[in-house]
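Please keep the sequence and the coordinates at hand while reading.

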Number of protein chains: 2
Amino acid sequence: MERREAEESGAGGNMSKVEEKKWSRRADDGGENKENLSKEKFDLAGVYVSDAQYNRNIPFDPSPQAVRLYLLYNHGLLHVLVYVFIMVDLALALFEEPAVVSLPLWATSAMELVCLLAITLRVIHYSKVIPRRIFFRDPKNLCIIVIITLFLIDMIIYGALYASGHSSVRWSRVLRPLLLVNVTEGQQLRRAFRSIRNALPQILVVFCLFIFSLLIFSLMALKLLGKRNLKTIDGTSYFTNYLESVFELYVLLTTANSPDVMMPAYNYSSYFAIFFILYIVINTYTFMSVFLAVVYNNYKKHLKEEVRQLVKTKRQKLRRAFCLLKENVGTVGNEGTGGTGEIGTNPVVSQSRWTELVKQVQPNISTAHRELLWSVLDHNNKGHIGKQAFLQIADLLNIQVITLKSRPHPFQLWMPALYNSTVSRIIHRIVKHRVFVFVYDAVILVNAVFIGLDEEDPLVSNAEWAFLTLYLLEILLKLYTFEPRAFFARHQFWNWFDTIIILSALLATIINAALKSYSFLLGPQLILLDVVRLSWRYADITLDTVALDTSQKLAVLVTDAPARHAPTICPLLNSAGGYTSRQILDIVFILRVLRLIRVVDTIPSFRAIIDTLTRIGPPMLTFGQLILVVYYIFAMVGMELFKGKIQVFAANSTDPAREYCGNPLLKDSAFARNNYCKNNFNDVVSSFILLLELTVVNQWHVLTGGFTAVTHNAARIFFVLFHIVVVIIIINIFVAFILEAFFIEYMVEKTDLHTSLEKKIEELNLCVEQEQMNGNLVEAMETQENDMGSSEGAKTRPTLMFKISSKRYRTMDALLQRMFETETDLSADDMNEDAEDMNFSNPSFNPA
Amino acid sequence: MERREAEESGAGGNMSKVEEKKWSRRADDGGENKENLSKEKFDLAGVYVSDAQYNRNIPFDPSPQAVRLYLLYNHGLLHVLVYVFIMVDLALALFEEPAVVSLPLWATSAMELVCLLAITLRVIHYSKVIPRRIFFRDPKNLCIIVIITLFLIDMIIYGALYASGHSSVRWSRVLRPLLLVNVTEGQQLRRAFRSIRNALPQILVVFCLFIFSLLIFSLMALKLLGKRNLKTIDGTSYFTNYLESVFELYVLLTTANSPDVMMPAYNYSSYFAIFFILYIVINTYTFMSVFLAVVYNNYKKHLKEEVRQLVKTKRQKLRRAFCLLKENVGTVGNEGTGGTGEIGTNPVVSQSRWTELVKQVQPNISTAHRELLWSVLDHNNKGHIGKQAFLQIADLLNIQVITLKSRPHPFQLWMPALYNSTVSRIIHRIVKHRVFVFVYDAVILVNAVFIGLDEEDPLVSNAEWAFLTLYLLEILLKLYTFEPRAFFARHQFWNWFDTIIILSALLATIINAALKSYSFLLGPQLILLDVVRLSWRYADITLDTVALDTSQKLAVLVTDAPARHAPTICPLLNSAGGYTSRQILDIVFILRVLRLIRVVDTIPSFRAIIDTLTRIGPPMLTFGQLILVVYYIFAMVGMELFKGKIQVFAANSTDPAREYCGNPLLKDSAFARNNYCKNNFNDVVSSFILLLELTVVNQWHVLTGGFTAVTHNAARIFFVLFHIVVVIIIINIFVAFILEAFFIEYMVEKTDLHTSLEKKIEELNLCVEQEQMNGNLVEAMETQENDMGSSEGAKTRPTLMFKISSKRYRTMDALLQRMFETETDLSADDMNEDAEDMNFSNPSFNPA
């Protein structure tokens, strides 16, 4: 792992000064023939810029052939395909024994082979892109090769044993999530794991100290309470065995057995409460906070270092791209520089080459957008830009600029007289007025109250129609007032949201009413609906019955199915249909309730928090992958250890075994008493849900107690390990992430310490305002409606406008950079390398 | 509250420039007669310095009379007395109905009157110290007056009603903890409360958003689950009532009902798990983290601002003290300045005045220590110091310097021949050797294992003697090697710790053995022991029986006492005594186990964490007071609401009411089933323990469920309020505090960004080393033993040495300042005021 790190940063990042020089020279050779830069050069420069833009860190071979392969390698579809194949591979756990939906072995094996083939092809492709020497020195590639080999070996062994009638363990399933980590695209996930690994020594120190404290407290508990012949509420002995005491007090760390473990001693004498209070204060509160502090601090520190490296690499790549494209401008270029008073040749990039490059990197960018970006860079209209300005290109391209075309409303073209009439203008004014928004916010709130009421009440169901009519009216009025293509633009999230919800609600309400009134007339439709629902139900039954042995399974299906389907089939056959449409209505109701978010989103102080939360969303995907990897591994191990040990019975089953989850060892256990039978490791879905419950830690001892009862006390090791990994480390990283995001948010908001990215956006904003627009853009950025409305105004407005969605960060790294840029002093690093650039003359970012 | 803040900082801190000038002028008048500075001036200057040193912020009247009163006011004993009286007042809850130990009303009332009288006297004293105008404008004084008045009114009303046979509510008890907040000494507690109050708006925004999310999820749950006729495990309906749903999901925020609330829906269909998973991820994890982020950020921000103000005030006070004491040095003084080349008069303070001042401020400081401090300040031996150097005095006095006198061992004086013999020297070398420490660490570890074993085993009990002998030997050897007065110096914590533990263990083991062998011979001693234990027991019984009505109580005491006392009295009468000595042994065992901490403390990486934790200790006292105030208020309200509703029965009671905690409403409730009867509000001790259990939040719904069952569902408001105040706000502050302490620790450790305080200590350290010692002090600071040992060396060593205990911060404010000094840029504030001082010439802190 240590080597991998060195590899990644070594190959992509810290290319030595010598190599850098070589690059510079090679580029100079090409720079001589100023106009006819070869296609290869542009390809290579484009690849550098796009790598910098997306923070890719692949040490590809710069030969034209490899670059072409690399362009293909970076194709978005291939990325998606790799993840699809990995996800399919991971999802195979659903179909393998113990399965949610059982598939024959040959089917899952074939699917797995296809996935492995796809990943192998990807790795081969990768090996063609980068120099062979680097490929074999990179541990992540070796890991992938080893994993695939192990997969194949395991499949052969398992297949052979299966064919000869023996059962075996599919141990390679544990390795599956490692594909997610070691695939080239998993850069961010690898970074997260590296950060955790680097934090481990510090965590270990605190953990040892905690264990010491735990052992001392257990010893005290043994001495204080062991000899008093106390009994727990279950009648078991109380702190008589040292190892049991350690476990009990470990559970108290999770607070899962909080008052219960204390009660026997507390009932005996109030003084013993002191012991437990001390334990809770020291271990449960203090040590858990220290864990958070250590995890937070170390994770942040290492991640910061990685991001710093990343930014360095990015600048290096951009510098290389610049070297490839640069032309030398002599005294002619120097005339424009003005202030610096430097005489000599300045390497610059001309507008034509820059345009070519941007076309190469982002083919779908509009000409207007491209020209806007150029105008920002080339502040003085010199027709070329220097190195400093060129280095901004990746950040500039990463800022999402939405091009708005101010088009007239279709009605205005079709019937201008009517559309411009007084009544029509009044309607426009009403719709654009604030009160209109407030009224509809109020309507949504009132509707939420009605949703909460009983929908059997005729008043309520009639009110539904009234609300739907009001909502429809709202959409129609807005469509009448605003230009429809602008209204349904890609970034108008709330408009899409509203329209889809209201149309589905309308559809569902109509179907529901129709079903209620003419259920006998609508037979075919009803059957269609019920078929969907039956398949849903079927999945459900399989979920429930996988716990049973195969022999029992059929019996349950046969005996149980009619009973369970009775309520499904009956209404279909004899009446109402109200029950059938309930599920559709449920979903629509939930969606309608979500409209309330829109109301909340209009209040600024709430909006700030929601914005912060949505901004953490995308980077949280990496965190989601982290959780997936850990959960998957524990689920696979758990399934091998505990599958079939605990069984689920249907709700109306009369089997006496239902009382103890089909395992006599669970008789009278808290696990069975709480009806936790469905919390088991019998399939991958149940396992994941159980692991989530264990993450929440409440009733942890009851849940784990069930599994130790049916196996052995040693099973506790598995659960304690899970607790340490997930609750102590991973959840703390989650908390740290949210804390950090909010701190950055508060810092930026309060101390006006704008990060460089935000500064850039603000300055861009100014530029746009000054040069292209008539000062209305800033407002236009706030509310789309506003900007649409002012087209009535006397001013002549341009037909093209730009909107910067500054609140979104396309990549995880952008947020991370923003998170750490305030703290890491990147300029110090770049000082040496950029010393020569200091005198260059594109002061585009200081419009005085 | 807003006014109070303004008051405190306004009166003490931001004394206007005009007033400052006036001060300066007045001081100048005095400064004219250089030698004969009046006693009043010294008193006043001393008060300023001591206020700066302890961060007191009292706007006292600078008239000589008021200053003398103020000196008395600041006397340590009076401070302690005030806290004692407040604590006694708070502790009255133990003796008032519902009481732990019942005392008649006249007794508690008399005690309360005494406490109130004491506090009133203190307030009157305070009113004499500060100008009357300020006294009545300060809300904390008005609060105290109002509180005392309300107390008296309530006592009269209650007394009158009690005398006429009516029962009433002692509502003024809720106000008691406010004394702790509003007393002048409670400055830090007030600051904490102010910080919380200032953070409230932000917390409220997040809380509203959370409530919104809760309401939406409840609406969804109602729609999705309410109509499915599901039942919980208790057979109650499941998500059919909106308010119930809201409460259930609120409880899920605490995770207390984690898998249980999901199980009915999950058993019905696995798909419903998605709903609960979403809820847990969004509300339980994300929102709780956001709460931590908001509380942390705001608390830190406001506290930082307060500390900044505090530091400013401190410098102002020191500047005033300087003005009082300054003398003008003309060109004579200028000769010494050297570098600055400034010509003119420099105000300075001469050594004689400085010495006088330090004597005034800290009478118990040793002459050597005082001279050391002066030598640090007056680096160039000029005999006077400038303003900049003078301002360091408070920080210097706050650094704990321990004066070590290198004395010869008494044995060396009594019998030098023997003490200096070869054998004796070998013993010295052995004891000072590292291996000696390691061997005893190993012995302690082995002993810990033996403690864990069954002490009935004769091998184990004999081993105890062996261990005790070894420990005794260790202490005797150390006493022989090291000078006893140095060994038992005030700061030698571990030596004291070891000796006390070992002596008590020896005593207890002897008594235990004696009791076992000759119990009949030791009658008197045994009876003495048992009397102690009986009183203990008695307290216990009263604790148990307060739940019962007074009529029942006697009966229980009569019927129950013999049964409970049987095991107590029997062994006393007939045999063994082993049981009696158990409790003594228990305590000694626990203490012996604590010796393990010493072993852990020798490992550096553990030591770093333990050091950080112990350093947070003292500031945590403020946090403890915060918790005490909140708990006390909730306990008082809870006792009024729920007292006597739930009753406790003795373990061997056969009363059928024991099954349902004496309240038929609790029949078959989870509360009674879990045997939680002792978790009640029947007296103040039980209330506090219950509130702690509610803070831990596990089984929160079961605990609160019991109280809502015996009263009304509205009781939930009380518990939810408690949860919001304690778990969401106060516990998060606790976590924030620990996080911050560790971050500062890591920052200082890792980035070498030493805080100014630490820098100062280091530089002091250097000074001491260079000027006074022969270079051995740094080592001496590390291990006391070392320094004792090297007296054998050939070098001639001074008889006096200093040890700086840099790791301790005497005041809460010192840590806070250190916590925030790295971030707050104090110099910017002082720039204006200190601009004139910049040219002064005491570069004492730059020994080149």
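Helices (H or I, at least four residues) and strands (E, at least two) are DSSP runs, numbered from the N terminus. This is a predicted model, in which local features need pLDDT of at least 70 and side-chain atom pairs count only at pLDDT 80 or more, while totals for chains, interfaces and linings use all residues. Residues are numbered from 1 along each chain as its sequence is written, chains are lettered from A and ligands numbered from 1 in the order in which they are written, and side-chain values use heavy atoms, with hydrogens and water left out.

The relation between the two chains comes first. Copies are superposed by least squares on the C-alpha atoms of residues with pLDDT of at least 70 in both. Chain A is brought onto chain B by a rotation of 180° with 0.0 Å of shift along its axis, at an RMSD of 0.2 Å. The two copies are thus related as by a two-fold rotation axis. In chain A, the C-alpha nearest this axis belongs to A:Asn698, at 3.5 Å from it.

The interface can be described by contact, meaning heavy atoms within 4.5 Å. Between the chains, 94 residues of chain A are in contact with 94 residues of chain B. Because 100% of the interface residues of chain A are also interface residues in chain B, the copies meet through the same surface. Buried area is the accessible area (1.4 Å probe) that two parts lose on being put together, summed over both. For chain A and chain B it is about 8800 Å², of which carbon and sulfur atoms give 67%. A:Lys223, A:Tyr285 and A:Lys678 supply 8% of the area that chain A buries against chain B, more than any other three residues.

A salt bridge is a side-chain nitrogen of Lys or Arg within 4 Å of a carboxyl oxygen of Asp or Glu. Between chain A and chain B the count of salt bridges is zero. A polar contact is a pair of N or O atoms within 3.5 Å; within protein, one must be able to donate a hydrogen and the other to accept it, and residues adjacent in sequence count only if both atoms are side-chain atoms. Across the interface of chain A and chain B, 15 residue pairs are in polar contact, both residues being at pLDDT 80 or more. On the side of chain A that touches chain B, helix H13 (residues 272-325) of chain A gives the most, with 13 residues.

One residue at this boundary is B:Ser258, which lies in helix H12 (residues 258-268) of chain B. Leaving aside neighbours within four places in sequence, B:Ser258 is in contact with A:Val696, A:Asn698 and B:Leu252. Buried means under 20% relative accessible area, exposed over 50%, and partly exposed in between (1.4 Å probe, protein chains only). B:Ser258 counts as buried because its relative accessibility is 4%.

In one of them, A:Arg170 pairs with A:Asp154, the closest N and O atoms being 3.1 Å apart. A:Arg170 is in the loop between helix H8 (139-163) and helix H9 (176-182) of chain A, and A:Asp154 is in helix H8 of chain A, 16 residues apart. A:Arg170 counts as buried at 8% relative accessibility, and A:Asp154 counts as buried at 1%. Another salt bridge joins A:Glu327 and A:Arg353, with the closest N and O atoms 3.7 Å apart. A:Glu327 lies in strand E1 (residues 327-329) of chain A and A:Arg353 in helix H15 (residues 351-361) of chain A, so the pair ties together parts that are 26 residues apart in sequence. Both A:Glu327 and A:Arg353 are buried.

The backbone also has features to inspect. A cis peptide bond joins A:Glu97 and A:Pro98, with omega about -5°. A:Pro98 lies in the loop between helix H5 (76-91) and helix H6 (105-129) of chain A. In chain B, the peptide bond from B:Glu97 to B:Pro98 is cis, with omega near -10°. A:Asn229, although not a glycine, has a positive phi of about 55°, and A:Asn229 is exposed, with a relative accessible area of 68%. B:Phe239 likewise has a positive phi, near 55°, in a residue other than glycine, but B:Phe239 is buried, with a relative accessible area of 6%.
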